[in-house]
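This briefing goes through one protein model topic by topic. Please keep the sequence and the coordinates to hand while reading.

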Amino acid sequence: MPDDLPLEDDWPALMRRAQDGDQRAYRLVLRAVVPSIRIRVRRRVFDETLVEDVVQDVLITVHRLRHTYDPALPLLPWISAIASARAIDALRRQGRSRRREVSDEAALGEAVDVRASAAFDSLDAEADLAGMLGVLPERQREMVEMVKLREMSLDAAAQESRLSVSAVKSLLHRAILKLREHGKQTHG
């Protein structure tokens with residue numbers, strides 16, 4: 001741990017000061033606990049991207065619940081309980097979405113109707129493209145524009161939109177289905 005960060009024994013006092021409104025103490029204690037949070041989350045979560053999402057979720061929860069912490073007790077067990085709960089929540093969400101999502105980009109590309117894909121690729125007029133994208137909800141349209149038109153990777157689109165890669169994939173999948181349905185309705 002860097003020398004400028006407080007020791008674990010000092011964390012409860014810093015959190016007490018943070019509860020009293022000391023912003024500097026709050027920043028110090030959060031910076032000090034992040035490595036411990038990351039270690040605890042990595043014990044349960046093996047996807048590094050998900051680890052960082054869970055760490056952020058833990059920090060948000062600590063922020064929301066900081067008034068419930070009792071400074072007479074050690075801080076680390078309180079934070080560990082939060083980290084454990086958030087990691088389990090994230091794994092449950094991931095498990096539910098994995099049952100419905102295609103995790104292989106190649107398989108996702110193969111799942112797309114070739115005729116719909118060819119029709120989409122052959123659009124040469126911007127008006128036609130704008131018309132097709134206009135049937136999509138804003139978030140789906142943004143994902144199509146990022147990944148298909150600007151040729152961003154799923155990771156880059158997720159980072160720019162502040163969504164998980166799974167959420168980007170889901171939005172793309174729904175957009176493709178909606179475009180396919182729209183194409184059937186307008187072009188038979």
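Both Tyr69 and Trp78 are buried, where buried stands for under 20% relative accessible area, exposed for over 50% and partly exposed for what lies in between, with a 1.4 Å probe and protein chains only. The model is a predicted one, in which local features need pLDDT of at least 70 and side-chain atom pairs count only at pLDDT 80 or more, while totals for chains, interfaces and linings use all residues. Residues are numbered from 1 along each chain as its sequence is written, and side-chain values use heavy atoms, with hydrogens and water left out.

**Overall make-up**

- The protein has 10 helices and 0 strands, with helices (H or I, at least four residues) and strands (E, at least two) taken as DSSP runs and numbered from the N terminus.
- Along the sequence the pattern reads α-α-α-α-α-α-α-α-α-α, and buried residues account for 35% of the 188 residues in the protein.

- The structure holds 1 aromatic pair, formed by Tyr69 and Trp78, whose rings are tilted, at 5.3 Å centre to centre and 50° between the planes.
- For such pairs, the rings of Phe, Tyr and Trp (its six-membered ring) must have centres within 6.5 Å, and planes under 30 degrees apart count as stacked, over 60 as edge-to-face and the rest as tilted.
- The charged end of Arg66 sits over the ring of Tyr26, 5.0 Å from the ring centre; the criterion is that NZ of Lys or CZ of Arg is within 6 Å of the ring centre and within 35 degrees of the ring normal.
- The side chain of Tyr26 also makes a polar contact with the side chain of His63 (2.7 Å), a polar contact being a pair of N or O atoms within 3.5 Å, of which, within protein, one must be able to donate a hydrogen and the other to accept it, with residues adjacent in sequence counting only if both atoms are side-chain atoms.
- His63 is placed in helix α3 and is partly exposed, with a relative accessible area of 39%.
- Between His63 and Gln19 there are 44 residues of separation in sequence and 10.0 Å in space, C-alpha to C-alpha.

**Helix α2**

- Helix α2 (residues 23-42) has 20 residues and reaches 28 Å from its first C-alpha to its last, close to the 28 Å expected at 1.5 Å a residue, where the expected span is 1.5 Å times one less than the number of residues.
- A bend of about 35° occurs in α2 at Val34, and a proline, Pro35, follows within four residues; the bend is the angle between axes fitted to the seven residues ending at a residue and the seven starting there.
- The buried residues of α2 include Tyr26, Leu28, Val33, Val34 and Ile37.
- At the start of α2, a side-chain oxygen of Asp22 comes to within 3.1 Å of the backbone nitrogen of Arg24.

**Salt bridges**

- The count comes to 6 salt bridges, each defined as a side-chain nitrogen of Lys or Arg within 4 Å of a carboxyl oxygen of Asp or Glu.
- Asp89 and Arg86 are joined by one of them, at 2.8 Å from N to O, and these two residues are 3 residues apart in helix α4 (residues 75-98), so they are separated by about one helical turn.
- Within that pair, Arg86 is buried at a relative accessible area of 18%, whereas Asp89 is partly exposed at 24%.
- Glu48 forms a salt bridge with Arg42, the closest N and O atoms being 2.7 Å apart, and Glu48 is partly exposed at 40% relative accessible area, as is Arg42 at 37%.
- Arg16 forms a salt bridge with Asp20 with its closest N and O atoms 3.5 Å apart; Arg16 is partly exposed at 38%, and Asp20 is exposed at 59%.

**Backbone with positive phi**

- Most residues other than glycine have a negative phi.
- Arg162, although not a glycine, has a positive phi of about 60°; Arg162 lies in the loop between α9 (154-161) and α10 (165-187) and is exposed, with a relative accessible area of 77%.
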